[in-house]
Amino acid sequence: MKKNQLLPVALLAMGLSIAGQSLAAESSLAGYYIGIDGTDTFTSGTYNGLANPNAGNLTLLLNHGNHYHGIGAYAYSGPAGSPTTNDTNTNNRIPEISSLDAPLALNWGSGSLYSGKLTSQNNPSEDYGNLTFARVDDLAGHETGSEQQILFNSSNNRWSTLLGDTAIGLQLISATAGLFVGDQQTANLFAISDTINLDSYLTTGFAPIFWTASDAVAGTYTAEFRLVGLNDANINSGRFYFDFAPTAVPLPAAFWFFASGLFGYIGLSRKRGLPTA
């Protein structure tokens with residue numbers, strides 16, 4: 001193959017790599033944190049004055065800049081006089097229902113484990129696509145005014161209880177057929193058990209990679225989880241969901257998209273008498 005025939009392929013690979021690097025560089029903070037809900041009683045809203053059904057429970061926290069959105073929380077429904085306690089609610093979903101965002105995109109993967117698969121790597125979603133997880137403890141002790149300190153102390157310190165030696169597991173309750181969860185070392189983290197111990201992962205940051213085969217049919221693929229206390233089952237979180245959709249441009253179309261621009265440049269170069277290869 002001649003040099004000028006290799007260029008479109010190289011350009012495509014370079015474009016995917018640059019996209020991934022730019023997304024990874026957007027923030028030094030994790031996209032999601034794990035904390036304990038420290039609010040015992042509601043002080044506003046429909047259930048003002050009632051005990052918080054999520055008090056003392058593990059909660060997945062969406063990093064929303066200067067505050068969290070609690071995901072995976074127990075919640076009430078029904079009249080305040082006789083409410084029903086539920087282990088999930090309509091906000092326990094990524095992307096959040098209220099955002100009206102489409103499911104997170106699954107695009108062409110990279111690396112030895114994910115090349116040729118559709119993955120959550122290089123996800124373009126600004127609000128939800130940073131699929132990295134950490135303990136709230138990582139935010140503690142930073143200088144006043146730092147982004148870590150502001151986030152940690154937000155919502156009147158509702159989630160500023162340190163987890164300490166709490167052993168945390170992630171339980172996969174259900175997943176759409178064909179959707180898998182891996183990381184950079186393992187393609188299927190839940191191949192042996194429905195629960196993985198997050199302690200070793202959270203030391204350096206947990207970055208799951210959701211993926212399907214390249215020929216996955218169109219539609220929404222959902223993974224349902226809960227956080228579990230491995231040494232205290234009384235602190236398990238409510239159920240929460242991550243929604244994905246295969247949206248990758250088929251490789252031949254992507255190839256010709258980049259190639260068309262490159263060939264245009266080659267034609268212009270030849271017209272001007274410039275070297276092309």
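Across the chain the pLDDT, the predictor's confidence in each residue on a scale from 0 to 100, averages 85, and 79% of the residues score at least 70. The structure is a predicted model, in which local features need a pLDDT of at least 70 and side-chain atom pairs count only at pLDDT 80 or more, while totals for chains, interfaces and linings use all residues. Residues are numbered from 1 along each chain as its sequence is written, and side-chain values use heavy atoms, with hydrogens and water left out.

Over residues 1-26 the pLDDT stays under 50, and the model has 23 contacts (heavy atoms within 4.5 Å) for them beyond four places in sequence. Residues 252-277 likewise have a pLDDT below 50, with 22 contacts in the model beyond near neighbours in sequence. Where pLDDT is low, the predicted coordinates should not be read in detail.

The interior can be described through its nonpolar cores, a core being a set of buried Ala, Val, Leu, Ile, Met, Phe, Trp, Tyr and Cys residues joined through side-chain atoms within 4.5 Å; buried means under 20% relative accessible area, exposed over 50% and partly exposed in between, with a 1.4 Å probe and protein chains only. The largest nonpolar core has 35 residues, and those with the most contacts inside it are Phe225 and Phe242. Two or more residues of this core come from each of strands E1 (32-36), E2 (58-63), E7 (104-108), E10 (168-175), E14 and E15, where strands (E, at least two residues) and helices (H or I, at least four) are DSSP runs numbered from the N terminus. E14 gives the most to this core, with four residues. Leaving aside neighbours within four places in sequence, Phe225 is in contact with residues including Leu170, Leu172, Ile173, Val181, Phe190, Phe210 and Phe242. Another core, of 11 residues, lies apart from the largest one and has Leu29, Ala30, Val136 and Leu139 among its members.

Ser237, in the loop between strand E14 (221-229) and strand E15 (240-246), is buried, with a relative accessible area of 1%, and touches Leu58, Thr59, Gly72, Tyr74, Arg226 and Leu227, residues up to four places away in sequence not being counted. Gln148, found in helix H2 (residues 147-152), is buried at a relative accessible area of 16%, and under the corresponding exclusion of residues up to four places away touches Leu29, Leu139 and His142.

The structure holds 18 aromatic pairs, in which rings of Phe, Tyr and Trp (its six-membered ring) have centres within 6.5 Å, planes under 30 degrees apart counting as stacked, over 60 as edge-to-face and the rest as tilted. Tyr68 and Trp159 form an edge-to-face pair, 5.8 Å centre to centre with 90 degrees between the planes; the pair links distant parts of the chain, with Tyr68 in strand E3 (residues 68-71) and Trp159 in the loop between helix H3 (154-157) and E10, 91 residues apart. Both Tyr68 and Trp159 are buried. The ring centres of Tyr114 and Trp211 are 6.4 Å apart and their planes lie at 65 degrees, so this pair is also edge-to-face. Tyr114 and Trp211 are both buried. One aromatic cluster is formed by Tyr32, Phe133, Phe190, Tyr201, Phe206, Phe210, Phe225, Phe240, Phe242 and Phe244.

Charged groups also sit over rings, by the criterion that NZ of Lys or CZ of Arg is within 6 Å of the ring centre and within 35 degrees of the ring normal. The charged end of Lys117 sits over the ring of Trp211, 5.2 Å from its centre, and Arg93 lies over the face of Tyr241, at 4.5 Å from the ring centre.
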